[in-house]
Amino acid sequence: MDSALIPEGAKRCSFPKFAIGIAIVSAVILWGAVAMGLIWWKGLNQTNMNDYYGFALWIWADLAIIAVGGGAFFTGLLKYIFKIDELKNIINFAVIIGFICYSSALYILAIDIGQPLRGWFIFWHANVHSMLTEVAFCLSAYFAVLTIEFIPNILENRQANKVPFFNHLAHNMHGVMAVFAATGAFLSFFHQGSLGGVAGVMFGRPFAVREGLLIWPWTFFLFTWSAAAFGPCFTLLVTRITEAVTGKKLVSDKTVHLLAKISGWMIVTYIIAKIIDTIYWAMVTAPSLGFTLSHFYTNNSFYGYWILITEIVLCGVVPGAILIMKSTRENPKLRLMAIILGVIGICLNRWVMVLQIMAVPVMSFDTWALYFPSWQEIATTILPIAYGIILIAVAYRYLPVFPQEKELNSVEPLTEAE
Amino acid sequence: MFPFSFEWAWDIGHAVFFGGFWFAISILGAGMTFCILKAAYDTMNDSGESHH
């Protein structure tokens, strides 16, 4: 039915099977859309946010998907600026994942601001002293970069590529892609950093506040660094999931090992910096503000020392160690475990830096303020996952996303997949 | 956002924020304009193939 649109030589499942799969996932989108409609119609009273939680599940989801979407800017930087040509085999997919992550982040913000009709105020009436204004600027501009990086892949669709103008446009965009990638890296450095900076400058929140360099707290640099370190883990994880679903090898081991190695060294250097930052904060910063470490991890039913150890040791030191050693990195099961732990670790870090900050009592009369999101918050947060699955399915079916697909699957007969 | 907005001020904050923002947007705009114009030119003078 749609065979004329499928990349030449690629085997895909039948259209009805594909359509049924899309319809099932669309049901989740519908659920999210109902919740989104309720929130826009009735307001933020549909959430469990309150005076303690101005930032809640949505902002955590925003920060987490922006962090894991960092694989796009970092892989682009390595491919186009540092000229690591091997990454050409995964860059298309990294861009698609980045596009999904950043479009999802913007969608979540459109719900979270409560008054989406006034969303443009952040540009028009910008508060130039706010790190979040910088985030909004860089996020929007970087989404434009990702769209530009995605366009050539769309234009390479079998039918679109027959149109001479589209063919030339894709060719020309590839030619200047380094300029777009450099702009993307510039924008990413600042918005990833500023998301961390927001926590670091909250001097009224001793759990978050940090010293730093000039106007930038250390969390600014740690957030950028961690996004570059763990973003490729997410790219590798989604690639592995796509391979499992399609039953095909889509990216060569050589490319996977290289990206895993780079990610591993980034994680190791990041986690050393993070450990130093945590020790200095626990030994100097927090005590200087009248708090001990135990204040942040005891006397409540959820936030214990386990979260600190899980984030830094289990989901930081362990994946870093696995990915830097050749023998463990090239073991598929250990590598998969490492990238899963890495993705959990970065999401946990963002959880801590958004939600634990809000939970910790600050005033002497305060108690721990725990929070559980409403179903509307959960549904609208799950919606981007369904959207991502659909976009990846459509892109995989109709676009030449993986340049090695034919070569890697030519020995045995191509299996029916999707 | 623009100098004609009522709250605009010619200070360092606006210069840094909007300078960076417009700089990035200009690069993206100029890059895409170049690609589109060159694609139109190449299409009009089509040699029959392109490589990418």
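User: Hi! Are α4(A) and α15(A) roughly parallel or antiparallel to each other?

Analyst: They're roughly antiparallel (over 145 degrees; angles run from 0 to 180 degrees between N-to-C directions). The axes, lines fitted to C-alpha atoms over the stretch in contact, come within 10 Å and cross at roughly 150 degrees. Helices here are DSSP runs of H or I, at least four residues, numbered from the N terminus. This is a predicted model, where local features need pLDDT of at least 70, side-chain atom pairs count only at 80 or more, and totals for chains, interfaces and linings use all residues. Residues are numbered from 1 along each chain as its sequence is written, with chains lettered from A and ligands numbered from 1 in the order written.

User: Which residues of α4(A) meet α15(A)?

Analyst: Ile96(A), Ile100(A), Ser104(A), Tyr107(A) and Ile111(A). Their partners in α15(A) include Thr380(A), Pro384(A) and Leu391(A). Nine residues of this contact are nonpolar (Ala, Val, Leu, Ile, Met, Phe, Trp, Tyr, Cys, Pro), three are polar (the others, Gly among them) and none is charged (Asp, Glu, Lys, Arg).

User: Switching to α1(A): which residues are buried?

Analyst: Ile29(A), Gly32(A), Ala35(A), Met36(A) and Ile39(A) are buried, meaning 20 or more other C-beta atoms, placed from the backbone, lie within 10 Å of a residue's own. The buried residues of α1(A) pack against α4 and α15 of chain A.

User: And what follows α1(A)?

Analyst: Gly43(A), with a positive phi near 105 degrees.

User: Last one: how many residues of chain B are in contact with chain A?

Analyst: 25 residues of chain B are in contact (C-beta atoms, placed from the backbone, within 7 Å) with 29 residues of chain A. The chain B side has 13 nonpolar, eight polar and four charged residues.

Terms used:
Helix = DSSP H or I, 4+ residues; strand = E, 2+ residues; numbered from the N terminus. Parallel < 35°, antiparallel > 145°, perpendicular 65-115°, else oblique. Contact = placed C-beta atoms within 7 Å. Buried ≥ 20, exposed ≤ 12 C-beta atoms within 10 Å, placed from the backbone.
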